[in-house]
Amino acid sequence: MTLVSDTHGEHGATYRDRGGRRVVDHYGKPERVGKAVRNVVGAIEMGYGVLAVSGDDRVEFVDNAVSNRIPAEDGQGVYALLLDPQGAIETDMYVYNADERLLVFLPPERTNAVTEDWSSKVFIQDVEIDDVTADFGVFGVHGPKSTEKVASVLGGPGAPEKPLSFVRGSMVDAGVTVIAADAPLGEEGYEVICAAEDAEQVFDTLINRGLNAAPFGYRTWDALSAEAGTPLFEYELSGTVPNVLGLRNALDFEKGCYVGQEVVSRVENQGRPSRRLVGLELDGLVDVTAEIDGDAEPDRYEEILPSPGAAVFDGDEAVGEVTRAAVGPASGEPIALALVGFDADLADPTVRVDGDETGATRTALPFVDGSARSARLPTYPNDD
């Protein structure tokens, strides 16, 4: 459920379900709002699930479970993955060391499963896992002016600089924690966390006080992150071996054993995975999208874009499938992310849409250069 429905309603929000949680899909003109985020700054209510891990053995316990090293110092965080024995991603997460507990932010649909799984694995360790999703409001602030935006309303310390580090301060009368994001939208960004009872006030502050920010929803988030080359759990990550996505920022190859590590290490040592994530500009749809102006209904775009799973061909050979397509907020043109065979040269790529093949052009990720580069941009070893 959203914690700031009154503010969303004032801006004409349309909602959707995300992993069992009600979130804002859009406010009527997602592509136009996307340009505002690219050019200035925007604010979004995030739909995370949140776990608190406490007890003397909390750092060691979580470190043994996930793919990256958990920081032992208060004020620091890390992006990590939980894998199955075959090396496939069960969930991604951000883990922050918040003094006497770890706070874990993950896709909402994975919250119950991870809580139950980790609780079942606590034996003699001093560890307690609690679902504290309802206790917090979490908001993203992204765009080239996001640092200026946060500075204009944050009381106390300055905005944090190191990605995934955080500071504690205040906004109006509310206590907040401000995290430096790892640029999932290809722009400078922060996440602002507050108590649930302060969420309405904090979101209003982010939109209307100091430097104004445009409210945006998850349809714009999906499009902006696609332009940035950032794979997301619900589209690209779930069930995929992380090497395929080039998620080297989520992997520590020197830490101790965790579930799935053997598979990840074996693929890494082979030099190249079987598939890779690529960007495609959908040439054949440019003229169609040009006919749709900024006042059109957002669902109109869905009628012309390939759905996840649409086949990608290289000449006559099927080489992969689309994971996500969107109208790029920066260019106004249709783009797609796709998983294809690692060695497919994509000299003559096409994408099948509604039984017809539309032309495509492979392009380097990210599609656009923003004020920052996503930490999740695919990086492959020995890639010429």
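Visitor: In which sense do strand β1 (residues 14–18) and β2 pair, and over how many bridges?

Guide: Two strands count as paired if DSSP finds at least two bridges between them. Helices (H or I, at least four residues) and strands (E, at least two) are DSSP runs, numbered from the N terminus. Here, β1 and β2 pair in the antiparallel sense over five bridges. One example is Arg-16, which stands opposite Val-23 in β2.

Visitor: Before we continue, what kind of model is this, and how are its residues numbered?

Guide: This is a predicted model, in which local features need pLDDT of at least 70 and side-chain atom pairs count only at pLDDT 80 or more, whereas totals for chains, interfaces and linings use all residues. Residues are numbered from 1 along each chain as its sequence is written, and side-chain values use heavy atoms, with hydrogens and water left out.

Visitor: How many residues of β2 are buried?

Guide: Buried means under 20% relative accessible area, exposed means over 50%, and partly exposed lies in between (1.4 Å probe, protein chains only). In strand β2 (residues 21–26), five of the six residues are buried, so the strand is largely enclosed by the rest of the structure. Strand β4 (residues 49–54) is also mostly covered, with five of its six residues buried.

Visitor: With which strands does β4 pair?

Guide: Strand β4 pairs with strand β7 (residues 101–106) in the antiparallel sense over six bridges. Within that pairing, Ser-54 has Arg-101 of β7 as its bridge partner. Strand β4 also pairs with strand β8 (residues 128–131), again in the antiparallel sense, over four bridges. There, Leu-51 stands opposite Asp-131.

Visitor: How should I read the buried residues of a helix, and which residues are buried in helix α5?

Guide: An α-helix has 3.6 residues a turn, so residues three or four places apart point the same way. In helix α5 (residues 146–153), the buried residues are Ser-146, Lys-149, Val-150 and Val-153. They cover an arc of only 95 degrees around the axis, which puts them on the same side of α5. The arc is that of the directions from the helix axis to the C-beta atoms.

Visitor: Against which elements do the buried residues of α5 pack?

Guide: Contact means heavy atoms within 4.5 Å. The buried residues of α5 pack against β9 (136–142), β10 (166–171), β11 (174–180), β12 and α6 (199–208). In α6, the buried residues are Ala-199, Val-202, Phe-203, Thr-205, Leu-206 and Ile-207. Thr-205 has a relative accessible area of 1%. Leaving out residues up to four places away in sequence, Thr-205 touches Lys-149, Val-153, Met-171 and Val-172.

Visitor: What does UniProt list for Glu-191?

Guide: UniProt positions are given here in the numbering of this model, with shortened feature names, and annotations may be inferred rather than shown by experiment. An unreviewed entry lists Glu-191 as "binding site". Glu-191 is found in strand β12 (residues 189–195) and counts as buried at 7% relative accessibility.

Visitor: With which side chain does the side chain of Glu-191 make a polar contact?

Guide: A polar contact is a pair of N or O atoms within 3.5 Å; within protein, one must be able to donate a hydrogen and the other to accept it, and residues adjacent in sequence count only if both atoms are side-chain atoms. The side chain of Glu-191 makes such a contact with the side chain of Tyr-48 (2.7 Å). When residues up to four places away in sequence are not counted, Glu-191 touches several residues, among them Met-46, Phe-139 and Thr-177. Thr-177 belongs to strand β11 and is buried, with a relative accessible area of 18%.

Visitor: How many disulfides does the structure hold?

Guide: A disulfide is a pair of cysteine sulfur atoms within 2.5 Å. This structure holds zero disulfides.
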